[in-house]
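Let's take a friendly walk through a protein model together. Have the sequence and the 3D view open, and look up each residue as it comes along.

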Amino acid sequence: MSKNLVIVESPAKARTIEKYLGKDFKVLASYGHVRDLVPKEGAVSPDQDFAMRYEVIERNKKHVDAIDKALKKADALYLAPDPDREGEAIAWHLLELLKERGSLDGKQVHRVVFHEITKGAIKNAIENPRSMSGELVNAQQARRALDYLVGFNLSPLLWKKIQRGLSAGRVQSPALRMIVEREREIEAFEPQEYWSIEAEAAKDAQAFQAKLTRYRGEKVEQFSFTNGDQAHEAEAHLKQSANGELRVAKVEKKQRRRNPAPPFTTSTLQQEASRKLGFGAQRTMRLAQSLYEGIDLGEGAVGLITYMRTDSVALATEAVNEIRSVIDERYGSNNVPDAPRSYRTKSKNAQEAHEAIRPTSAARHPDALKGRLDHDQFRLYELIWKRTVACQMVPALFNTVGVDLACGEGNQFRATGSQLVEPGFIAVYQEGRDDAKGDDDADKLLPPLEEGEMVALKQLITDQHFTEPPPRFTEASLVKALEEYGIGRPSTYASIISTLQNREYVEMDRKRFQPTDVGRVVNDFLTKHFTRYVDYDFTARLEDELDAVSRGEKDWVPLMREFWTPFRERVEDKEKTVTREEAVQARELGTDPKSGRPVTVRFGRFGPFVQIGTKDDEEKPKFAGLRPGQKMDEIELDEALALFNLPRDLGETPDGEPVQANIGPYGPYVKFGRKFASLGEDDDVYTIELPRALEIIEEKKKADANRIIQDFPDEGIRVLNGRFGPYMTDGNKNVSVPKDRDPKDLTLPEIREMIANAPERKGRFGRRKKAGKKSAAKKASKKAAKKKTGKKKAAKKKAAKKKKKAGKKKSAAS
């Protein structure tokens, strides 16, 4: 019997920790959350101080039962889920469940936290337990209640006004707004022309380039030259002024230091893994979880990195000392700074007891793990190891030179060069950047130049440029933007992104987010009617207030009430006052030249479509769905009208059958005679021509021919190849061919007999059709019999009553 029971979240972690603690400890997993709000209205009761109704998560009930059973044999319970708000909530929910079952009587209960799964960290946590943090639990409950109230009230409103299956979320909706607004900026962007002028100069056969910085005494800005005429006029003037030479007017020499980036937090790890490894946020967190929980290195599982949900950049003193030793050993003492580097956490609610994400042992070089980690795990571990080691190294040193070159009176060019003198931390790691156009720190050498000397002007380079729109968000830049705005928290970024993709509010185009039509419609509805709740500052302030609850500085119930009252009123008001027409935001494209009726594009219950006419017209409106790739905000009148050009007559088959192209319930098709053939993925119903249609028809005929094994047209019986193997059919019953028979050898009498003996085809609800009729008849018969029996019983009862009454009268008379 184990004296102590330890509960963690995952079985992988449980196995690793049990190995460290020995025979007096049994370690079980809760498999994540054990309770959640009941999935129906009333799970949160605003009228009862936001009391919450929880239920055990069905899939984890057996794990709770196992914990309950093991606890009966133990003296003490150690609750050891993750060291964050979610982990505290899991510990609290489990505690509440065990209390309800009466399993805690006479048991000692401890809460333990650790930030890395190493023998020392686990033993230290067990030796230094703490009590449950009510503040963290309250903050998590408030967050869960808010998310529930927003989702449970806004989502049904979206179903009624726009389309079923949509959702809105407290954090998801501002993130969607961010993506849609960026897309609108891109669409509204008008490129501006500008020109640059550079000089190619040379000294002692070494060429270098310099940018024009002053022209005719004025500083040159981006839009100093906005057309070719201005630029070429300036070029001619500069050539004349230079007369083949430039004078070195000024030489500035400096040494520049570049410091390493701090160790990883959750968000910076997600950003760098996206930039450098091409990993999505969810993939990064899944891999980090596996590295944290433990990898078998030959002598059992070992936790390789510290806890991966953190917004702290702090490092433990022991870890820093080990990192400095590794730098000394691998890269030389000259790369170890005199004093350890310390980094300050910017996040308002970072818990300094937490550490940044780092290897549990810097001495465990990535190369030593090859063969023990899979490819992706290795790449992520290597990234974390390099960033951690680099953060404690000396800065990189660059010699920089800036040279001003005079070109006649009032004209000046500027040449810059840099040379990496001491790589320092760059020898190990360099931070990635979003949308970088070049490497500022790349060596760009200038020849030795002295003030007053002349250099040859080889040529002037005049280039045309256009300003570019802001780039769409990548996963890395979206996470960075969310963090900068204070929207969401490290543990939520991955789920925000996956929700937006799962709801099909956004799609990825070359690894960048682009809003879909439904994403735009939902965003526009929420932005117009629930402005406050998708406002970046409001969302960030609410996050700060939830953080204040977790620090014990604020009570969660008044915070909830302050949010709920105006929110509920707004939902009730919009439910009554906003029509579906307003919600789907129809856009008028023009007039149909044939009918003179208005043409609009709008969003319907089955997606975006074009409509000719209105519901108030005498003639019913015409509808046509948008083609793949067409966008509601971009489609023009001529493109919209082309959608109504179906069916298209393409010609005839060689047998004289008419051929048409059209769209049906199962997608685009060609019709030949009375038969149909689906179009291929690369075929377009609006552009397909007869030759390609005939190819598709021929393929269909071949497929149909291969499908028929035997055909008895006079009997209406066929033997066919089906999805689940050969079968026979008379049009009413489908009967599988016995496995021991060749379908080609079956005779007509055999087929008739097998079809006749087969059970009737099942009806809609799984009942056999004929049996269903008999059953219904039987039921009716039973009902009638029951009625008859009931009448007989009532008559007998009445007769008995009469007899009794008569007896009483007779007795009274005597």
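## A patch of negative charge

Start at the surface, where E634, E636, D638 and E639 gather in a patch of negative charge. Keep in mind that the model you are looking at is predicted.

One of these residues, E634, sits in the loop between strand β23 (622-625) and helix α18 (637-642). How exposed is E634? Its relative accessible area is 41%, so E634 counts as partly exposed, because that class runs between 20% and 50%.

## Salt bridges, close and distant in sequence

Across the whole structure, a search finds 55 salt bridges. In one of them, the side chains of K239 and E235 meet at 3.7 Å, N to O. Both residues belong to helix α7 (residues 228-242), where they are four residues apart, about one turn of the helix. The two partners fall into separate classes: K239 is partly exposed at 46% relative accessibility, while E235 is buried at 14%.

Which residue forms a salt bridge with E252? The partner is R414, and the closest N and O atoms of the pair are 3.0 Å apart. This bridge links distant parts of the chain: E252 is in strand β12 (residues 245-258) and R414 is in strand β16 (residues 412-422), 162 residues apart. E252 is partly exposed, with 29% relative accessibility, and R414 is partly exposed too, with 26%.

Another salt bridge brings together the side chains of E431 and R387 (3.7 Å, N to O). Here again distant parts of the chain are linked, with E431 in the loop between β16 and β17 (454-466) and R387 in helix α11 (residues 375-390), 44 residues apart. E431 is partly exposed at 35% relative accessibility, whereas R387 is buried at 2%. Salt bridges can also share partners, as they do in the network that joins K61, D65, D68, K72 and R101.

## Backbone details in the loops

Next, follow the backbone itself. What is the phi of E504? It is near 60 degrees, a positive value in a residue other than glycine. You will find E504 in the loop between α13 (493-502) and β18 (506-509), and with 56% relative accessibility E504 counts as exposed.

R510 also has a positive phi without being a glycine, with a value near 50 degrees. R510 lies in the loop between β18 and β19 (512-515) and is exposed, at 72% relative accessibility.

One more loop deserves a stop. The peptide bond from L646 to P647 is cis, with omega near -5 degrees. P647 belongs to the loop between α18 and β24 (648-652).

## Two buried residues

To finish, look at two residues away from the surface. Q611 is part of strand β22 (residues 607-612) and is buried, with 8% relative accessibility. A polar atom of the Q611 side chain lies 2.9 Å from the backbone oxygen of G613.

M285, in helix α9 (residues 281-293), is buried as well, with a relative accessible area of 8%. How many residues separate M285 from A494 in sequence? The answer is 209 residues, yet their C-alpha atoms are 7.7 Å apart in space.

Notes. Residues numbered from 1 in each chain as written. Predicted model: local features only at pLDDT ≥ 70, side-chain atom pairs only at ≥ 80, totals over all residues. Heavy atoms only, no water. Patch = residues over 30% accessible without salt bridge, like charges linked within 9 Å, V, L, I, M, F, W, Y side chains within 5 Å. Areas by Shrake-Rupley, 256 points an atom, 1.4 Å probe, with all protein chains shown as cover. Salt bridge = Lys/Arg side-chain N within 4 Å of Asp/Glu carboxyl O. Lys, Arg positive; Asp, Glu negative; His and termini not counted. Charge placed at Lys NZ, Arg CZ, Asp CG, Glu CD. Buried < 20%, exposed > 50% of the residue type's maximum accessible area, 1.4 Å probe, protein only. Polar contact = N/O pair within 3.5 Å; in protein donor to acceptor, adjacent residues only side chain to side chain.
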